[in-house]
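Colleague: I have this one open for the first time, so please walk me through it slowly.

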Amino acid sequence: MGKLLIVALCMGAAVRGQEVVMQRNLSLGLAKTIAEAALGECKAKGYHTTVAVVDRAGQLLVLLRDEEAAPQTVEMAQRKAYTARMFRMTTQDFQKRTMPDQPYAGQRDISGMLALSGGVPIQVGSDKKETIGGVASSGSSLEMDDACAKAGIAKVADKLK
């Protein structure tokens, strides 16, 4: 009888694990607003950059390239946004965390990652624990790229609560 009860309990747990998962996602409209604000911030400071926004799966949603931005900034912005989303931290923090003498140094070798400042995760909720995307800027200084990406998120901060 005891074995039967254990099997029944395990089967109940397996059924509960098959429920539909509900997630919040980044809309295209919100992603465009973030990208435009980030690009505008850099342009106002005299920089010609590219801004990328990825969704919760790390897939590109929006890419805006200033007409005078260098071609390599497209790939760099997308990889920074992807890194910020996947590791749920700024790429500035990722860069520090993965320095050659750090335990996580090997994470730099994962395909698509870029350990340069300028990428910021897009997080929702009052505790900011759910990451629904990433935004990144490329083409100015590392500090300015970081500030521009953060300006994009600041533009929609009220919608991310």
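Colleague: Let's start at Ile-122: what is it in contact with, leaving aside its neighbours within four places in sequence?
Modeller: With those neighbours left aside, Ile-122 is in contact with Leu-26, Ile-34, Val-53, Ile-153 and Leu-160, and also with Glu-130, Thr-131, Ile-132, Gly-133, Gly-134 and Val-135, where contact means heavy atoms within 4.5 Å. This is a predicted model, in which local features need pLDDT of at least 70 and side-chain atom pairs count only at pLDDT 80 or more, while totals for chains, interfaces and linings use all residues. Residues are numbered from 1 along each chain as its sequence is written, and side-chain values use heavy atoms, with hydrogens and water left out.

Colleague: Which residues touch the most other members of the largest nonpolar core?
Modeller: That core has 19 residues, and those touching the most other members are Leu-26, Ile-34, Val-53, Ile-122, Val-135 and Leu-160. A nonpolar core here is a set of buried Ala, Val, Leu, Ile, Met, Phe, Trp, Tyr and Cys residues joined through side-chain atoms within 4.5 Å; buried means under 20% relative accessible area, exposed means over 50%, and partly exposed is in between, with a 1.4 Å probe and protein chains only.

Colleague: And which elements give two or more residues to this core?
Modeller: They are α2 (28–44), β1 (50–55), β3 (119–124), β4 (130–138) and α5 (142–155), and the largest share, six residues, comes from α2. Helices (H or I, at least four residues) and strands (E, at least two) are DSSP runs, numbered from the N terminus.

Colleague: Stepping back, how many helices and strands are there?
Modeller: The chain has five helices and four strands, and along the sequence they follow the pattern α-α-β-β-α-α-β-β-α. Of its 161 residues, 40% count as buried, and among contacts with a separation of 6 or more, 64% are between residues 24 or more positions apart.

Colleague: Back to α2, then: which residues in it are buried?
Modeller: In α2 the buried residues are Leu-30, Ala-31, Ile-34, Ala-35, Ala-37, Ala-38, Leu-39 and Cys-42, and what covers them includes β1, β2 (60–65), β3, β4 and α5. An α-helix has 3.6 residues a turn, so residues three or four places apart point the same way. The helix α2 has 17 residues and reaches 24 Å from its first C-alpha to its last, close to the 24 Å expected, the expected span being 1.5 Å times one less than the number of residues.

Colleague: What covers the buried residues of α5?
Modeller: The cover includes α2, α3 (72–87), α4 (91–97), β3 and β4, and the buried residues of α5 include Met-144, Cys-148, Ala-149 and Ile-153, along with Asp-145 and Asp-146.

Colleague: Changing topic, is Thr-90 buried or exposed?
Modeller: Thr-90 counts as buried because its relative accessibility is 13%, and its place is in the loop between α3 and α4. A polar atom of the Thr-90 side chain lies 3.0 Å from the backbone nitrogen of Asp-93; a polar contact is a pair of N or O atoms within 3.5 Å, where, within protein, one must be able to donate a hydrogen and the other to accept it, and residues adjacent in sequence count only if both atoms are side-chain atoms.

Colleague: What does the side chain of Thr-91 reach?
Modeller: The side chain of Thr-91 reaches the backbone nitrogen of Gly-119 at 2.7 Å. Thr-91 is in helix α4, and Thr-91 is buried because its relative accessible area is 0%.

Colleague: How many aromatic pairs does the count come to?
Modeller: The count comes to one aromatic pair, formed by Phe-87 and Phe-94, which are tilted, with 4.9 Å centre to centre and 40° between the planes. Rings of Phe, Tyr and Trp (its six-membered ring) pair if their centres lie within 6.5 Å, and planes under 30 degrees apart count as stacked, over 60 as edge-to-face and the rest as tilted. Phe-87 is buried at a relative accessible area of 18%, and Phe-94 is buried at 0%.

Colleague: What lies over the face of Tyr-104?
Modeller: Arg-97 does, at 4.0 Å from the ring centre; a charge sits over a ring if NZ of Lys or CZ of Arg is within 6 Å of the ring centre and within 35 degrees of the ring normal.

Colleague: Last one: where does Arg-88 lie?
Modeller: Arg-88 lies in the loop between α3 and α4, and its phi is positive, near 55°, in a residue other than glycine. Most residues other than glycine have a negative phi.
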